[in-house]
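Let's take a walk through a protein model together.

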Amino acid sequence: MRRAIDHLIRTRRAGLPTEQPDLLSMLLQAQDADSGNTMTDQQVYDELITLLVAGTETAAGGLAWLFHELGRNPAVDRELHEELRTRSGEAPSFEHLGHLPYTRRVVEEALRVRNPGGVTMRRATTEVELAGYRFPPGAEFMFSALVLHRNPHHFHDPLRFDPDRWLPGQKAAPRGAFLPFGAGRHRCIGESFARAEMTTVVAALASRWRLEPLPGAQVRGAMTSTNYPTNLLMRVAPREVR
């Protein structure tokens with residue numbers, strides 16, 4: 001990846017049109033507000049590698065879990081397909097997303113019950129008290145959104161995949177109980193992009209195909225920097241056209 005990204009940066013700096021409307025051009029032209037300097041090759045590389053890793057691995061893992069849940073919940077899959085059949089057209093696009101409320105709820109529920117994020121760490125900058133315990137500055141904390149999202153105090157029947165728990169009018173989860181993209185000043189900058197990306201992919205695939213689980217497959221989660229499914233074997237079947 002380093003060789004490929006370095007080649008792209010060198011090639012673009014060598015004279016390809018800088019007005020090309022893509023992320024690399026934007027990064028190469030970005031200027032510091034105080035000094036007016038542009039980014040070095042290393043800085044551009046760091047930005048691109050972060051976006052490539054964060055914008056692909058987590059979304060791919062989240063989508064894999066989502067289709068796994070659709071395969072286990074045929075009633076949810078049918079309702080999703082019915083909405084896509086009647087509202088999205090043959091080639092769902094970004095413009096359709098506002099007209100797909102059930103699809104968006106399916107994505108939201110997948111982010112809850114199968115959150116693709118791994119373990120998050122924070123370091124205390126001052127003395128802090130949590131649950132009656134005091135921690136000094138520099139103390140490090142680890143938590144998993146996957147565990148938080150399955151707290152039965154905040155989510156009824158937390159292991160059940162239920163997109164309707166996100167219907168308007170339902171009791172909202174309290175602050176800090178649902179953190180698919182983190183929180184505070186370090187909340188993921190790509191949250192809006194990730195939601196749009198996942199919803200668009202689900203609409204494009206589920207409108208034409210059904211992913212069916214293979215009998216006997218023992219799907220398990222693997223937690224590294226992300227939470228992703230292992231041994232996820234599914235059969236692709238075309239939807240019936242009505």
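A polar contact is a pair of N or O atoms within 3.5 Å, where one must be able to donate a hydrogen and the other to accept it. Keep that in mind for our starting point, and remember that this is a predicted model.

**Starting inside: Thr 103**

Look for Thr 103 in helix H5. Its side chain and that of Glu 83 are joined by a polar contact of 2.7 Å. Is Thr 103 buried or exposed? Its relative accessible area is 0%, and Thr 103 is buried because anything under 20% counts that way.

What does Thr 103 touch, once residues up to four places away in sequence are set aside? The list is Leu 80, Glu 83, Leu 84, Thr 199 and Val 202. Take Val 202: it sits 99 residues from Thr 103 in sequence, yet the two C-alpha atoms are 7.7 Å apart in space.

**The helix around it: H5**

Now zoom out to the whole of H5, which covers residues 101-113. This helix has 13 residues and reaches 18 Å from its first C-alpha to its last, close to the 18 Å expected at 1.5 Å a residue.

Why can we call H5 largely enclosed by the rest of the structure? Because eleven of its 13 residues are buried. Among them are Tyr 102, Arg 105, Glu 108, Leu 111 and Val 113. As for what they pack against, you'll find helix H3 (41-72), helix H4 (74-87), helix H6 (145-148) and helix H7 (191-206).

**A neighbour: H7**

Helix H7 has 16 residues and spans 22 Å from first C-alpha to last, close to the 22 Å expected at 1.5 Å a residue. Its buried residues include Glu 191, Met 198, Thr 199 and Val 202. The cover over the buried residues of H7 includes H3, H4, H5 and strand S5 (209-213).

Here's a handy bit of background: an α-helix has 3.6 residues a turn, so residues three or four places apart point the same way.

How many salt bridges does the model have? The count comes to 18. Some of them form a network, which links Glu 108, Arg 187, Glu 191 and Arg 195.

| Pair | N to O distance |
|---|---|
| Asp 77 and Arg 239 | 2.8 Å |
| Glu 127 and Arg 134 | 2.7 Å |
| Arg 160 and Asp 162 | 3.4 Å |

Asp 77 and Arg 239 link distant parts of the chain, since Asp 77 is in helix H4 and Arg 239 is in the segment after strand S8 (234-238), 162 residues apart. Asp 77 is buried, at 4% relative accessible area, and Arg 239 counts as buried too, at 14%.

In the Arg 160 pair, Arg 160 is partly exposed at 37%, while Asp 162 counts as buried at 16%. Glu 127, from the remaining pair, is partly exposed at 47%.

**Back to H4: His 81**

Helix H4 also holds His 81, which is buried with a relative accessible area of 10%. Leaving out neighbours within four places in sequence, His 81 is in contact with Ala 206, Ser 207, Arg 239 and Glu 240. A polar atom of the His 81 side chain lies 3.5 Å from the backbone oxygen of Ser 207.

**Out on the surface and in the loops**

Which residues form a nonpolar patch on the surface? They are Val 119, Met 121, Met 142 and Met 223, with about 390 Å² of accessible area together. Met 223 belongs to strand S6 (residues 220-223) and is partly exposed, at 38% relative accessible area.

Last stop, some backbone angles. Most residues other than glycine have a negative phi. Asp 157 isn't a glycine, but has a positive phi of about 45°. You'll find Asp 157 in the loop between H6 and H7, partly exposed at 38%. Asn 231 also has a positive phi, near 60°. Asn 231 sits in the loop between strand S7 (227-230) and S8, and is partly exposed at 42%.

How values were computed: Residues are numbered from 1 along each chain as its sequence is written. This is a predicted model: local features need pLDDT of at least 70, side-chain atom pairs count only at pLDDT 80 or more; totals for chains, interfaces and linings use all residues. Side-chain values use heavy atoms; hydrogens and water are left out. Patches are made of residues with over 30% relative accessible area and no salt bridge: like charges are joined within 9 Å, nonpolar side chains (Val, Leu, Ile, Met, Phe, Trp, Tyr) within 5 Å. Accessible areas come from the Shrake-Rupley method with a 1.4 Å probe; for residues, only the protein chains shown count as cover. A salt bridge is a side-chain nitrogen of Lys or Arg within 4 Å of a carboxyl oxygen of Asp or Glu. Helices (H or I, at least four residues) and strands (E, at least two) are DSSP runs, numbered from the N terminus. Buried means under 20% relative accessible area, exposed over 50%, partly exposed in between (1.4 Å probe, protein chains only). The expected span of a helix is 1.5 Å times one less than its number of residues. Contact means heavy atoms within 4.5 Å.
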